[in-house]
Amino acid sequence: MVGVEALVGIAVVALGLVLTPGPNMIYLVSRSVTQGRRAGLVSLLGVAAGFLVYLVAAVAGLTTLFTLVPGAYTAVKLAGAAYLAYLAWQTLRPGGASAFDPKPLPPDRPRRLFTMGLVTNLLNPKIAILYLSVLPQFVDPERGSVAAQSLVLGLTQITIAVTVNALIALTAGSLSSFLRSRPRWLRAQRRVMGTVLAGLAVHVATS
């Protein structure tokens, strides 16, 4: 049903996106470092639920709706860009902190951890663009059901993203300790991540 080239293509895209610093990575690292691996994994469940929301939308054909109603897509894009800009400011502003050196946070209950992970992913412009613009390019109507192909491709992306994010959540504490013992590296990491986020915000808002 789905060609090998399409599966490899979506896998490469998914891996590239999950390894690029963004809202999901920042939230998972921050929560894992300040509240522990369990909290990071619960947050990851919310992120995974966000992926499923986008996948259901793609399979149900809501991508067509966003295409026919540009205002809906624009609203999602601008909301995501604003969120990225906020995260960039929080990182680059005077006194800002790196995701790997977060300030102490009050422990959140599992329900809130899950909800914040879900909301963070739903407002992630990278994921919106992936499901609304990129994933459909790997669907070949001549190979059968478009919905079924979208489902397989989406599940492939989700599997890769959740696996990599789980590794990030589990190793965030060790990486944080490594960077904290090297202040210059920590400052450089903060500036690079903040600049990347700001660039993404501008690109998403103006593209």
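This is a predicted model: local features need pLDDT of at least 70, side-chain atom pairs count only at pLDDT 80 or more; totals for chains, interfaces and linings use all residues.
Residues are numbered from 1 along each chain as its sequence is written, and side-chain values use heavy atoms, with hydrogens and water left out.

S43 is found in helix α3, and, leaving aside residues up to four places away in sequence, S43 touches Y27, L28, R31, L113 and G117, where contact means heavy atoms within 4.5 Å.

As for the whole protein, there are nine helices and zero strands, so the elements from the N terminus on read α-α-α-α-α-α-α-α-α, given that helices (H or I, at least four residues) and strands (E, at least two) are DSSP runs numbered from the N terminus. Of the 207 residues, 41% count as buried, and among contacts with a separation of 6 or more, 83% come from residues 24 or more positions apart.

Now to the partners of α3. Two packed helices are described by the angle between their axes and the distance between the axes. Here axes are lines fitted to C-alpha atoms, for helices over the stretch in contact, and angles run from 0 to 180 degrees between N-to-C directions.

What is the angle between α2 and α3? Helix α2 (residues 23–35) packs with α3 at about 155 degrees, their axes being 7 Å apart, and the two are therefore roughly antiparallel, on a scale where angles under 35 degrees count as roughly parallel, over 145 as roughly antiparallel, 65 to 115 as roughly perpendicular and the rest as oblique. On the α2 side the contact is made by N24, Y27, L28, R31, S32 and Q35, and on the α3 side by R37, A39, G40, S43, L44, V47 and F51. By class, that contact has six nonpolar, five polar and two charged residues, with Ala, Val, Leu, Ile, Met, Phe, Trp, Tyr, Cys and Pro taken as nonpolar, Asp, Glu, Lys and Arg as charged, and the others, Gly among them, as polar.

With α6 (residues 110–122), the axis of α3 (residues 37–59) comes within 7 Å and crosses at roughly 45 degrees, which makes α3 oblique to α6. The residues of α3 that meet α6 include S43, V47 and F51, and those of α6 include L113 and G117; by class, this contact has 13 nonpolar, five polar and one charged residues.

Finally, α3 and α7 pack at about 20 degrees with axes 10 Å apart, which makes α3 roughly parallel to α7. Here F51, Y54, L55 and A58 in α3 meet I127, A128 and Y131 in α7, a contact with seven nonpolar, no polar and no charged residues. Helix α7 (residues 125–134) is itself mostly covered, with seven of its 10 residues buried, among them I127, A128 and Y131.

How values were computed
Buried means under 20% relative accessible area, exposed over 50%, partly exposed in between (1.4 Å probe, protein chains only).
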